Amino acid sequence: MADTQQVDPRAERKAARLAHRIGSFSKAHGGAEGQVAYIGERGARIVLVGEDGAWGDIVAPTWAIAEQAVRKAGITVHESFDGEFAAKVRTGPFEWTRMAGIQLGGPANR
């Protein structure tokens with residue numbers, strides 16, 4: 001029996017572009033792991049953590065496209081951003097300054 005599942009070419013291209021960006025991040029940081037989080041109508045956020053502790057994120061227009069992108073990129077995907085996974089993130093002076101500004105009502109809070 002033939003596969004009757006419809007493939008949306010635009011979604012395929014978007015997933016391929018996101019997978020390429022994920023792969024580039026992974027290559028630049030000695031490998032990467034990720035976690036996909038639903039963010040409502042905006043889509044899904046793919047949080048990436050490199051082996052060197054660098055982190056970043058990418059927003060996909062839908063959960064399905066995000067799942068397809070991480071699968072194509074071949075990275076390990078975590079169900080949640082739990083303590084063990086989060087502990088791999090290394091923050092720098094920018095993040096600490098920004099977090100302090102938010103807490104103190106500084107410029108980052110405007």
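Predicted model: local features only at pLDDT ≥ 70, side-chain atom pairs only at ≥ 80, totals over all residues.
Visitor: What does L48 touch, not counting residues up to four places away in sequence?

Guide: With those residues set aside, L48 touches I22, F25, E33, G34, A54, W55, G56, I58 and I75.

Visitor: Why are helix 1 and helix 2 called oblique to each other?

Guide: Their packing angle is about 50 degrees, and their axes lie 8 Å apart. Angles under 35 degrees count as roughly parallel and those from 65 to 115 as roughly perpendicular, while over 145 is roughly antiparallel and the rest is oblique; helix 1 and helix 2 are therefore oblique to each other. The crossing of these two helices is right-handed.

Visitor: Which residues of helix 1 and helix 2 meet, and what makes up that contact by class?

Guide: From helix 1 come A11, E12, K14, A15, A16, L18, A19 and I22, and these meet I65, Q68, A69, V70, K72 and A73 in helix 2. Sorted by class, the contact between helix 1 and helix 2 has ten nonpolar residues, one polar residue and three charged residues.

Visitor: Why does S26 count as buried?

Guide: S26, whose place is in helix 1, has a relative accessibility of 17%; buried means under 20%, and S26 therefore counts as buried. Apart from its neighbours within four places in sequence, S26 is in contact with G31 and A32.

Visitor: Where does V89 lie, and why does V89 count as buried?

Guide: V89 lies in the loop that runs between helix 3 (83-86) and helix 4 (93-104). Its relative accessibility is 18%, and the limit for a buried residue is under 20%, so V89 counts as buried.

Visitor: What is V89 in contact with, leaving aside its neighbours within four places in sequence, and how many residues separate V89 from G56 in sequence?

Guide: With those neighbours left aside, V89 is in contact with V49, G53, W55 and F81. Between V89 and G56 the separation in sequence is 33 residues, and in space, taken from C-alpha to C-alpha, they are 9.8 Å apart.

Key: Residues numbered from 1 in each chain as written. Heavy atoms only, no water. Contact = heavy atoms within 4.5 Å. Helix = DSSP H or I, 4+ residues; strand = E, 2+ residues; numbered from the N terminus. Buried < 20%, exposed > 50% of the residue type's maximum accessible area, 1.4 Å probe, protein only. Axes fitted to C-alpha atoms, helices over the stretch in contact; angles between N-to-C directions. Left-handed = near helix turned anticlockwise from the far one by under 90°. Nonpolar A, V, L, I, M, F, W, Y, C, P; charged D, E, K, R; others polar.
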